[in-house]
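User: Please examine the structure below and answer a series of questions about its side chains, backbone and helix packing.

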Amino acid sequence: MSPQHISSPADSTVDRSRTGAGLSCPIIRAVLTVGLAILAVISISTPASAVAFHSDTITIGGLEREYHIHAPIAGAPDRPMGVVFALHGGAGRAEQFAGYLNFDVYAKARNLLIVYPQGFERHWNDGRPDVSYSTHEGDVDDVAFLRAVLETVATRYPVDRGRVYVAGISNGGMMALRLACEAADTFAAVAALTASFPMAMADRCDPIRPLPVMLINGTDDPIFPYGGGTIGFGRRKLGEVRSTPETVARWVVLNGCLGPAKIVALPDTDRDDDSRVVVERYLPCRAGTEVTLYRVEGGGHTWPGRRPYLPRFLIGETNDDIDATAHILDFFARHAMPTR
């Protein structure tokens, strides 16, 4: 779930105040009904014109797939650029996600190409076997799709193959974790927000090399349980996931990390957001990798530092102590594909 200014799925701006605190039950049920129809897990709506990008399609597995690219305006065209794939959440759209995040704000200074792929029928095949989305039921090969997009992009832009990354939220975050398991030869590092391993994925995850992994999860996420269990939005059940600590522990083993985590509580700069961030960093790990968890204590199903896309009573608190995008890009900057 990139530069961002966002509005609600109903295209009405959501205020940062405690929206919905006193709503009556019928109103809550009505909002939930609309939210379920539009959202599934997370749907971010913003004017597509908020971010300038180039759009294209590619056919893979007999399906025509869409993606969007934002490239730095300045810089020598022969200078290799790092690539960040930004994966929207379930029921979202790539162009809306581009308007929601602020990856593009950093693109020029960090010499990054930002790619916003579109999930098949607005979802990613993240490895959950127990959901009814067509991308899951049809076993759509999103790993092959994202690899193919990179190959196409690399024919048009000077790409630094050692600096290709992926970040995603919710359904997109679980897809990022799947890529870490199955495409470690392509991506140098991954970041997943409001996401953890689908129940069966942790056991079958077997990357060909250690891979730096970052998680940013809220402990009070009402949709995606921090402690594991059933993903849900209202009465809609969307599969089972491992807990965030279990997911972190699995990556610690996969990356061969030694010793306990280094734990740092970040400054609580916004006392009004009812949350704070504690960073757990596992080092050293094999091949210079790391496993890092941003534990957003009191945080919800949100992207820290960005405006909430739905009322607080639906998605929980949005932390404003950090700009998650900047922290993700700093994490990526510390890691490149090992040279062979």
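User: Does Arg-128 count as buried or exposed, and at what relative accessibility?

Analyst: The model is a predicted one, in which local features need pLDDT of at least 70, side-chain atom pairs count only at pLDDT 80 or more, and totals for chains, interfaces and linings use all residues. Residues are numbered from 1 along each chain as its sequence is written, and side-chain values use heavy atoms, with hydrogens and water left out. Buried means under 20% relative accessible area, exposed over 50%, and partly exposed in between, with a 1.4 Å probe and protein chains only. Arg-128 therefore counts as buried, its relative accessibility being 3%.

User: Which residue meets the side chain of Arg-128 in a salt bridge?

Analyst: A salt bridge requires a side-chain nitrogen of Lys or Arg within 4 Å of a carboxyl oxygen of Asp or Glu. For Arg-128 the N to O distance is 2.8 Å.

User: How many residues apart are Arg-334 and Glu-290, whose side chains meet in a salt bridge?

Analyst: The side chains of Arg-334 and Glu-290 meet at 3.0 Å, N to O. Helices (H or I, at least four residues) and strands (E, at least two) are DSSP runs, numbered from the N terminus. The pair links distant parts of the chain, with Arg-334 in the segment after helix H10 (324–333) and Glu-290 in the loop between strand S11 (276–282) and strand S12 (291–297); the separation is 44 residues.

User: How many salt bridges does the structure hold?

Analyst: Some of the charged side chains form a network, in which Glu-66, Arg-93 and Glu-95 are linked by salt bridges. For the structure, the number of salt bridges is 17.

User: At roughly what angle do the axes of helix H5 and helix H6 cross?

Analyst: Two packed helices are described by the angle between their axes and the distance between the axes. Axes are lines fitted to C-alpha atoms, for helices over the stretch in contact, and angles run from 0 to 180 degrees between N-to-C directions. The axes of H5 (residues 142–156) and H6 (residues 171–182) come within 10 Å. They cross at roughly 80°.

User: Which residues of H6 do Asp-142, Val-143, Leu-146 and Arg-147 in H5 meet?

Analyst: Contact means heavy atoms within 4.5 Å. On the H5 side, Asp-142, Val-143, Leu-146 and Arg-147 take part; on the H6 side, the residues are Met-175, Arg-178, Leu-179 and Glu-182.

User: Which residues is Thr-152 in contact with, leaving aside its neighbours within four places in sequence?

Analyst: Thr-152 is found in helix H5. With a relative accessible area of 19%, Thr-152 is buried. Leaving aside neighbours within four places in sequence, its contacts are Ile-58 and Tyr-67.

User: What distance separates the C-alpha atoms of Ile-315 and His-301?

Analyst: Ile-315 lies in helix H9 (residues 312–315) and is buried, with a relative accessible area of 0%. Leaving aside neighbours within four places in sequence, the contacts of Ile-315 include Pro-222, Ile-223 and His-301. Ile-315 and His-301 are 14 residues apart along the chain, and their C-alpha atoms are separated by 5.2 Å.

User: What is the phi of Thr-194?

Analyst: Thr-194 lies in the loop between strand S6 (189–193) and helix H7 (201–204). This residue is buried, with a relative accessible area of 1%. Its phi is positive in a residue other than glycine, with a value near 45°.

User: What percentage of the residues of the protein chain count as buried?

Analyst: The protein chain has ten helices and twelve strands. Of its 340 residues, the buried share is 58%.
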